Amino acid sequence: MMLAGGIWHRIFDFTDYGALLALVRNSLVAGAALGLVGGLAGVFVLMRDLPFAVHGISELSFAGASAALLAGVNVVAGSIAGSLLAAGAIGALGTRARDRNSVIGIIMPFGLGLGVLCLALYRGRAADKFGLLTGQIVAVDTPRTAWLLGTSGVVLVALAFLWRPLAFASTDPDVAEARGVPVRGLSFAFMLVLGLAVALSVQVVGALLVLSLVVTPAAAAARVTASPVLLPVLSVLFAVASIEGGILLALGGSLPISPYVTTISFTLYATCRAAARFRGRRRGTRHAVPGAA
């Protein structure tokens, strides 16, 4: 009982919780922006079957952030540089899934190994190193918040500009190309936008669990709706709920933020999946009753 109580106390401890809220004000602001970016980008990640690419980009983002930490320069800038390098390499392959997956399989271990090397050489705080992998909630200071919000704005403007042609090219690339839509160019542009979105997410949830913010919310939304309007709205709501809820829960414990974010994100997905199955069964019952009569 004492052991269980100690573990529970580490997971949830709301002593002086009100006073601690001031420490995560910047994180809550950044989290809202990242939820918006991740939720919108995640819609196209699913449409274009790119979850594996997200993971590959996050590894190079981690390497870039680790190198920046070792060099004593802006960590967000290093993360963005690593993400864009990986996204550009993947995007240059266009829509050829076989070649793309092979390159991602090469990039991932290289990025992870390079990042581990930089962290091994770094002699600063252990929390800074651990946070790049699993996320942290109190390290988003005002300058980093400005970087995150500015880059989020760039991603949102790019997505607004690309949305309609990218949706067309993602749904039916052959027809889109026949009608003059620059499918290959859009693919490359979106990969760069995705690279920025992943780099932003790494700053809060860490490199290992970016999928919980960029993929899972959109996958949950897709379980309950196919509406081109409602899908991105729900995806954003789920992403914001996951990251903001994760931040608020992590503040009351001694664990990194990532377990909280991933648990909320997975719970939302499981709930949506169960709701979709229940709705499907009800529809099947309705169709079966007249036939039985």
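Predicted model: local features only at pLDDT ≥ 70, side-chain atom pairs only at ≥ 80, totals over all residues.
1. Start with the aromatic rings. The count here comes to two aromatic pairs. In one of them, the rings of Phe-44 and Trp-163 have their centres 4.6 Å apart, and their planes sit at 75 degrees, so we call the pair edge-to-face. Look at where the partners come from: Phe-44 belongs to helix α3 (residues 25-47) and Trp-163 to helix α8 (residues 142-171), so this pair links distant parts of the chain, 119 residues apart.

2. Now the other pair. Phe-44 also pairs with Phe-190, again edge-to-face, with 5.7 Å from centre to centre and 65 degrees between the planes. This one links distant parts of the chain too: Phe-44 is in helix α3, while Phe-190 is in helix α10 (residues 183-205), 146 residues away. Put together, Phe-44, Trp-163 and Phe-190 make one aromatic cluster.

3. Which members of that cluster are buried? Phe-44 and Phe-190 both are. Trp-163 comes out at 23%, so it counts as partly exposed.

4. Next, hop over to helix α14 (residues 258-292), where you'll find Ser-265. Is Ser-265 buried or exposed? Its relative accessibility is 2%, so it counts as buried. Leaving out residues up to four places away in sequence, Ser-265 touches Ser-212, Thr-216, Pro-217 and Ser-242.

5. Val-261 is in helix α14 as well. With 0% relative accessibility, Val-261 counts as buried. If you set aside neighbours within four places in sequence, Val-261 is in contact with Val-205, Ser-212, Ser-242, Ile-243 and Gly-246. So that you can check a distance yourself: the C-alpha atoms of Val-261 and Ala-250 are separated by 8.8 Å, and the two residues are 11 apart along the chain.

6. Let's go to the surface. Leu-70, Phe-110, Leu-114, Leu-117 and Leu-121 form a nonpolar patch there, and together they have about 450 Å² of accessible area. Which helix gives the most to the patch? That is α6 (residues 97-121), with four residues. Leu-70, on the other hand, is found in helix α4 (residues 51-71). Its relative accessible area is 35%, so Leu-70 is partly exposed.

7. Most residues other than glycine have a negative phi. Asp-49 is not a glycine, yet it has a positive phi of about 55 degrees. Where does Asp-49 sit? Look in the loop between α3 and α4. With a relative accessible area of 57%, Asp-49 is exposed.

Conventions. Residues numbered from 1 in each chain as written. Heavy atoms only, no water. Patch = residues over 30% accessible without salt bridge, like charges linked within 9 Å, V, L, I, M, F, W, Y side chains within 5 Å. Areas by Shrake-Rupley, 256 points an atom, 1.4 Å probe, with all protein chains shown as cover. Salt bridge = Lys/Arg side-chain N within 4 Å of Asp/Glu carboxyl O. Helix = DSSP H or I, 4+ residues; strand = E, 2+ residues; numbered from the N terminus. Buried < 20%, exposed > 50% of the residue type's maximum accessible area, 1.4 Å probe, protein only. Phe/Tyr/Trp six-rings, centres within 6.5 Å; stacked < 30°, edge-to-face > 60°. Contact = heavy atoms within 4.5 Å.
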